[in-house]
Amino acid sequence: MRLAASGDEAAFARLWRDNQPPLLRYLRVVAGDNPDDVASEVWLEVARRLERFRGGEGEFRAWLFTLARRRVIDMIRYHARRPVVLTGDPGDLDRRAGDDTAATALENMSTDAALELISTLPREQAEIIVLRVIACLDVGQVAELVGKKPGAVRVAAHRGLRTLAARLSATTDEAVTR
């Protein structure tokens, strides 16, 4: 942490490498279609403010996800005030890139399916589960981040996980009967 804060590029790269995948997974659930854009803004803010940050790895992760959550809230407010109106053919936007490979798709399929399933939960439950499971934040950190009491975080996580288990079981049962 100290090296990254003092400008060591290799140390900052390690921070990014360790935290970018869970950050993107979190943003995929709470930010929707543009997690990479939000993550970029979060990392720019981290780079600007890292010098003043004090704490260890756990505190850094909590701080990173706090910054991400604030960016998502700002994005939601912005889009609510300025809705996007498409003027062209939206089908043109759905074309695949030329460098997609089957191996990459298969590798990402299970993660995407899990995140898609989590995204079906109420927003608050989905966010809490992603922060607990993917971001590896403890109950106290998640409670502080989302502005709830630790007991409420535990209840929301329990209900969300129970709902996910039921949905997954129903999907599995349906696939078996086919």
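Me: Let's start with Cys136: does Cys136 count as buried or exposed?
Reply: This is a predicted model, and in it Cys136 has a relative accessibility of 54%. Since 54% clears it, Cys136 counts as exposed.

Me: On to the rings. What kind of aromatic pair do Phe12 and Trp43 form?
Reply: Phe12 sits in helix α2 and Trp43 in helix α3, 31 residues apart, so you've got distant parts of the chain being linked. Their ring centres are 5.8 Å apart, with 80 degrees between the planes. Planes over 60 degrees apart get one particular label, and that makes the Phe12 and Trp43 pair edge-to-face.

Me: How many residues apart in sequence are the parts tied together by Tyr26 and Phe65?
Reply: The ring centres of Tyr26 and Phe65 lie 5.4 Å apart with planes at 80 degrees, so this pair is edge-to-face. Both Tyr26 and Phe65 are buried. Tyr26 belongs to helix α2 and Phe65 to helix α4, so the parts they tie together are apart in sequence by 39 residues.

Me: Which residues do ring pairs link into a cluster?
Reply: There are six aromatic pairs in the structure. Ring pairs join up a cluster, and its members are Phe12, Trp43, Phe53, Phe60 and Trp63.

Me: Which element gives the largest share of the lining of the largest pocket?
Reply: That pocket holds about 290 Å³ of space. Eleven residues line it, and Leu24, Arg28, Pro35, Asp36 and Asp112 are the closest to its centre. Two or more lining residues come from each of α2 (9-30), α3 (35-49) and α5 (102-119). The largest share, four residues, comes from α2.

Me: How many charged residues are in the lining of the second largest pocket?
Reply: This one has a volume of about 210 Å³. Its lining includes Arg49, Trp63, Gln141 and Glu144, and α4 (57-81) supplies the largest share, five residues. Sorted by type, the lining has four nonpolar and three polar residues, and the charged ones number four.

Technical notes:
Residues are numbered from 1 along each chain as its sequence is written. This is a predicted model: local features need pLDDT of at least 70, side-chain atom pairs count only at pLDDT 80 or more; totals for chains, interfaces and linings use all residues. Side-chain values use heavy atoms; hydrogens and water are left out. On a 1 Å grid over the protein atoms alone, a cavity is a set of points where a 1.4 Å probe fits but cannot get out, and a pocket is an open set with protein on both sides within 12 Å along at least five of seven lines; lining residues have an atom within 4 Å of a point. Grid points are joined across faces, edges and corners, and a volume is the space filled by probe spheres set on the points. Ala, Val, Leu, Ile, Met, Phe, Trp, Tyr, Cys and Pro count as nonpolar, Asp, Glu, Lys and Arg as charged, and the others, Gly among them, as polar. Buried means under 20% relative accessible area, exposed over 50%, partly exposed in between (1.4 Å probe, protein chains only). Rings of Phe, Tyr and Trp (its six-membered ring) pair if their centres lie within 6.5 Å; planes under 30 degrees apart count as stacked, over 60 as edge-to-face and the rest as tilted.
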